[in-house]
Amino acid sequence: MKKPLLAALGALMITGTGLAAPAVAATETDTATTAPAAIQAVTFAGTVSLSNCSGSVVRFPDSEDDDPALVMSNGHCLETGFPAAGEVIVDQASTRTFGLLNSAGTRVATLRASKITYATMTDTDVSLYQLTTTYGAIKTSYGISPLTLNDTHPVAGTAITVVSGYWKRTYACNVDGFAYRLKEGVWTWKDSVRYTSACQTIGGTSGSPVIDNATGNVVAVNNTGNEDGGRCTDNNPCEVDENGTVTVRAGINYGQETYQIPACFGLDSKLDLNASGCTLPKP
């Protein structure tokens, strides 16, 4: 997976591999460069930086201004470490902080969690933190609206941008297709988004929202990539199709779909894993 920054640095010291130098990520853009016209509408507004990863303030299509705000990142970005295969965390107390960014990538506020609402690395790789403030309060205080999670399946060929609040960099490419199963070490993820090769994400981009350029909505959360051609090992995920055939795509990166998440939340950002249409794994 796209290792949290501290884990990436640890791997660099131990093995000599891992975190790439930010300056040489071939397809990234930053606040000092001019993005292609196709992604001019995609900014850093609503993204956040974590201590070791990236994330974003997210809402659902039916969310209201007075609902408690949520921050989305990866399950493997939790401050408590990687969840085990099969582990699902629900309503765990947390006081984690997040740096809220404006459109230019400037940190304008520190947001604080009240709990980890949901987190897992089973079937998907996601964490959702509930904050101590509301969407409306964030908008009033800082002029920043949350990003909306799309509630329909992403489409191959869609132009996307991975927006890293940690590095304050973006990665532009397209949805290349979908992996029926994506296996990395002891973890398996279902129906993962595969990027075209232009999105050369690096350690620290874990948890970044993957944004549909045309709508501005979030269609996935960035989480992993095959670093050196290894087969189904840590940092080298492999694709497994319906027949069990394994495909390794060296240098290709992936995200986990988020369209299934809104069905699992009701009024006031309350998690309901028994709700109709909710397919997220249960504890």
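Strand S12 and strand S17 (residues 253-257) pair in the antiparallel sense over two bridges, where pairing requires at least two bridges found by DSSP and strands are DSSP runs (E, at least two residues) numbered from the N terminus. In this pairing Val193 stands opposite Gly255 of S17. S12 (residues 187-195) is also joined to S11 (residues 169-184) by eight bridges, again running antiparallel, and here Ala179 faces Ser192 of S12. Two residues lie between the strands of this hairpin, and Gly185 takes a positive phi near 60 degrees.

The model is predicted, with local features needing pLDDT of at least 70 and side-chain atom pairs counting only at pLDDT 80 or more, while totals for chains, interfaces and linings use all residues. Residues are numbered from 1 along each chain as its sequence is written, and side-chain values use heavy atoms, leaving out hydrogens and water.

Salt bridges come next. With a side-chain nitrogen of Lys or Arg required within 4 Å of a carboxyl oxygen of Asp or Glu, the count comes to six. One of them links Lys190 with Asp123, the closest N and O atoms being 3.7 Å apart. Lys190 lies in strand S12 and Asp123 in the loop between S7 (107-120) and S8 (126-134), so this pair ties together parts that are 67 residues apart in sequence.

Glu239 and Arg249 also meet in a salt bridge (2.8 Å, N to O). Glu239 counts as buried at 8% relative accessibility, whereas Arg249 is partly exposed at 30% (buried: under 20% relative accessible area; exposed: over 50%; partly exposed: in between; 1.4 Å probe, protein chains only). Salt bridges with shared partners join Asp176, Arg194, Glu239 and Arg249 into one network.

Conventions. Helix = DSSP H or I, 4+ residues; strand = E, 2+ residues; numbered from the N terminus.
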